[in-house]
Amino acid sequence: MLVDAWHYLVAHPVQFGVALGVHLALSVAALSIAAAIAIPTGIYAAHRRGIAFAAVNVANIGRTLPSLAVLALVLPLLGTGFAPSLFALSLLALPPILLNTIAGMRGVDPDVVDAARGMGMTARGILRRVEWPLAVPVIFAGLRTAAIQVISGAVLAAFIGGGGLGDFITAGIAMMAVPQMLVGAIPVTLLALAADFGFGALQRRLTPRGLCA
Amino acid sequence: MNWFLRNADQVATALGQHVVIALTALAIAFAIALPVGIVAARRERVHTLAIAIAGFLYTIPTLAFLALLIPLVGLGPANAIIAMVAFSLVVLIRNVATGIRGVSPDVVDAARGMGMSAPQLLLRIELPLAAPVIVAGLRVAAVTVISVTVVAAYVNAGGLGTLIFNGIATDHAPKIWSGALTACALAIAVDAALALLERRLVRTRGA
């Protein structure tokens, strides 16, 4: 079966390359958009009680929504293709990043911030040189969750014409062609594992030495 | 909205299927995770190994997992349920173990001093005190399982995803809306209900 899958892959190099490219583009773009929105929002919200409360509640609801339902809801509104898929995946990636940014910023020991202020640091200096480095490991944990969710969600984008590796899986299931199915399923699984591993390593490297147990 | 009202019975049937599949998967996952979690709470090596394996399973994209199972078990609910069990193991095992480990050693000591046997200790002290954390795990697992069930319609498992896929295939937006929004509502409702239970347990157990 694996050999058949390999033969299929070798016979369709361009098709596979395009699907992999689209899958990566979708995932990276969705994650970047979500991070660009969620991290600043989280930093802004973290020290404002009311806003943080609202943001956490909205994000918690957002986190429970089934990925496929979100993708499907975008279809009647925006149609099919890359852009609607990107929109839906960005939405799906927001909650974990936002929740972890808020949790990370709030988790910074107030005494540390006090000490920094006592040393004469400005609010911006405290944010950049004290709070941010201390919150970064938690924020990266959120990015890690979001990355896996987005790679997994991008497979489902095949249902709304977003392309990507999911195309091989859906076509394979439709025709009951196992090799074709595997050509989609195996690379996408490896991609998710690589993202998990990569973000995990990054998270450990970015953890300030003082925080390591 | 009109389509939804006219076909309420169809939506209700799909919702019923959805709940049955999700509950079955959750029950099986819990039956596996509870003993594994209990052992993992006491043995670090079992904990590391169980979390590593279950974490690996959790990382596999949903549709890829369903596809990988087709050569092994074919299409249908069995396929979907295996995938859902695999996805919910990690959070269940982790929370059972964390919950038991979180029980104060003083309480365990006191119970032992009162002459409780190991099974009594587990059933009457450790599990009840770990309940809020275990329910928190069940909450995340329930939402995961509901979400996976939507996709599982693609491998003929039934449920609300069926409406979505039919709607996409026939370009019939109201059907898509009905399936997707009902699935979202189900996930939110289950999450809220278990959150309530979790808070109540925290209050009564004073954890």
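Predicted model: local features only at pLDDT ≥ 70, side-chain atom pairs only at ≥ 80, totals over all residues.
**Entry: buried residues of helix 2, chain B**

I then looked up which residues of helix 2 of chain B are buried, and found A14(B), H18(B), I21(B), A22(B), A25(B), L26(B), A29(B), A33(B), V36(B), G37(B), A40(B) and A41(B). I recall that an α-helix has 3.6 residues a turn, so residues three or four places apart point the same way. I asked which helices the buried residues of helix 2 of chain B pack against. I found helix 3 (44-59), helix 5 (77-101), helix 7, helix 8 (160-169) and helix 9 (173-205), each in chain B.

**Entry: helix 2 against helix 3, chain B**

I took the axis geometry next. The axes of helix 2 and helix 3 of chain B come within 6 Å and cross at roughly 135°. The two helices are therefore oblique to each other, and I recorded the crossing as left-handed. On the helix 2 side of chain B the contact is made by V36(B), V39(B) and A40(B), and on the helix 3 side by V46(B), H47(B) and A50(B). I classed the residues of this contact as five nonpolar, one polar and no charged. V36(B) and A40(B) belong to this contact, and I had already listed both as buried.

**Entry: helix 4 against helix 7, chain B**

I repeated the look-up for helix 4 (residues 62-73) and helix 7 (residues 118-152) of chain B, which pack at an angle of about 60° with their axes 10 Å apart. Helix 4 of chain B is therefore oblique to helix 7 of chain B. I recorded this crossing as right-handed. T62(B), L63(B) and L66(B) of helix 4 meet V148(B), V151(B) and A152(B) of helix 7 in chain B.

**Entry: chain A against chain B**

Lastly, I asked how many residues of chain A are in contact with chain B. I found 31 residues of chain A in contact with 30 residues of chain B. Helix 3 (49-64), helix 4 (67-78), helix 7 (123-156), helix 8 (166-175) and helix 9 (178-206) of chain A each supply at least two residues of the side that touches chain B. Helix 9 of chain A gives the most to that side, with nine residues. I noted that the residues of the chain A side divide into 23 nonpolar, seven polar and one charged.

Key. Residues numbered from 1 in each chain as written. Chains lettered and ligands numbered in written order. Axes fitted to C-alpha atoms, helices over the stretch in contact; angles between N-to-C directions. Helix = DSSP H or I, 4+ residues; strand = E, 2+ residues; numbered from the N terminus. Parallel < 35°, antiparallel > 145°, perpendicular 65-115°, else oblique. Left-handed = near helix turned anticlockwise from the far one by under 90°. Contact = placed C-beta atoms within 7 Å. Buried ≥ 20, exposed ≤ 12 C-beta atoms within 10 Å, placed from the backbone. Nonpolar A, V, L, I, M, F, W, Y, C, P; charged D, E, K, R; others polar.
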